[in-house]
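Work through these two exercises with the model open. Each task is followed by its solution, step by step.

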Amino acid sequence: MAAFTPKKEHRFSFGLWCTANRGRDPFGEETRDRLDPLTNIKELGKRNVYGFNYHDDDLIPFGASLQQRNKIIKETKKIIKDYAIVCSMATTNLFYHRVFKDGAFTSHDPHVRAYALQKVMKNMELGAELGAKTYVFWGGREGAEVDAAKTPGEAIKRYRECMNFLCAHARRQGYGFRFAIEPKPNEPRGDIFLATAGHVLAFIETLDDPERVGVNPEIEHSRMAGLNTYHDFAQCMEAGKLYHVDLGAQKPNRFDQDLRFGSEDLKETFFVVKLLEDHGWAGTRNFDEHPYRSENEQGVWDFVEGSMRSYLILWEKVKRFNADKKIQQILKSVHNSDPALELLMGRYTPEGAEKLKRHSFDPMALSKKRLPYEELDQRLQELLLGVA
Ligand code: GCO
Ligand code: MN
Ligand code: MN
């Protein structure tokens, strides 16, 4: 249906590592051939994807010569122009090489930490050149299996030192991008530091330049921790700290499944789309997920198209929810107001507190108010199931 056809203005984006994922897992080898990054960007552009994200090593192979590097950069810039696609986010691979086997920013070895900083600085330079608006930090190896080996307090101090260093460097270089830290509870480490959006929000406030840094919550990671994704995204937004989003799908309390957006957890995903669209989310609708291991290259593009289509379908459901008379009537009925009392609670004064202490309440009468949530949720259910 034409209504669910992606357009550039929808601002969809994908990580190059998502479409280039070759289906390898801890128990089995690759099931797909290598997709070279330049073809990858072209194919995304052709499908009206607005932006691509990259890790330094996705675009420029680890250990490439300066000549190779310059050639790739030149070709990437040409594709960006020819296919009207932007580089929306840049990030650093601080997890794949064995040098990071016990962390990057949180390694005990100052040489490893310094090497990690160097790798980030080099890629920030490239990210700025390609026009990325956001720089993501996913500390996949920043964690532990052996608690005797590393104290979390020490690790967090080192993390902070590195983030402060990089914020200062970005400021000094005049880079426009904002930083977004991505939480994840575990995998590949037994436990990862900054495990949830809440941990990241608290950590940001301890940095030298908290303004520059926000959160990149991921649907899959919240659900791995058994948390409500919608609540995670909403609290980041309320704090003015939703700087980037990673969309995908996940069955709760399992390994990071990175399933196609919308393929699981429909109701929670509906509320994520509602949150972003009702608030006019200015960032990209970014997917971080993997095609099934059983798919070939054709399936990779089905996966890309399916993700965007599901987003647009859910957005259409959001519009229906917002226009649904029954739903809106119920919502209106449960939100009652008492301006005088609200004024009293909204701004503390000692007199107000005294007045509140003397106020007479009838808790039993208050408890009798009907909250028709059965009807509300059933109506949403039917809307999502396509019969309302
Ligand atoms: C994961 C992570 C990664 C990061 C990516 C960007 O699947 O565990 O989400 O995909 O988002 O490395 O830094
Ligand atoms: Mn993930
Ligand atoms: Mn992610």
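A nonpolar core is a set of buried Ala, Val, Leu, Ile, Met, Phe, Trp, Tyr and Cys residues joined through side-chain atoms within 4.5 Å. Buried means under 20% relative accessible area, exposed over 50%, partly exposed in between (1.4 Å probe, protein chains only). This is a predicted model: local features need pLDDT of at least 70, side-chain atom pairs count only at pLDDT 80 or more, and totals for chains, interfaces and linings use all residues. Residues are numbered from 1 along each chain as its sequence is written, ligands are numbered from 1 in the order in which they are written, and side-chain values use heavy atoms, without hydrogens and water.

**Exercise 1.** Find which residues touch the most other members of the largest nonpolar core.

Step 1. The core has 84 residues; Phe-105 and Phe-179 touch the most other members.

Step 2. Helix 11 (residues 297–323) gives the most, with 10 residues. Helices are DSSP runs (H or I, at least four residues), and strands are too (E, at least two), numbered from the N terminus.

**Exercise 2.** Work out which residues coordinate the manganese ion (ligand 2).

Step 1. Glu-218 (OE), His-221 (NE2), Asp-256 (OD) and Asp-258 (OD) do so, at 2.1 to 2.7 Å. Donors are N, O and S atoms within 2.8 Å of the metal (3.2 Å for Na, K and Ca); water is not among the atoms, so sites may look incomplete.

Step 2. Glu-218 also coordinates the manganese ion (ligand 3), 4.3 Å from ligand 2.

Step 3. Glu-218 lies in the loop between strand 8 (213–215) and helix 8 (219–224), and Asp-256 in the loop between helix 9 (229–238) and helix 10 (266–278), so the pair ties together parts 38 residues apart in sequence.

Step 4. Glu-218 and Asp-256 are buried.
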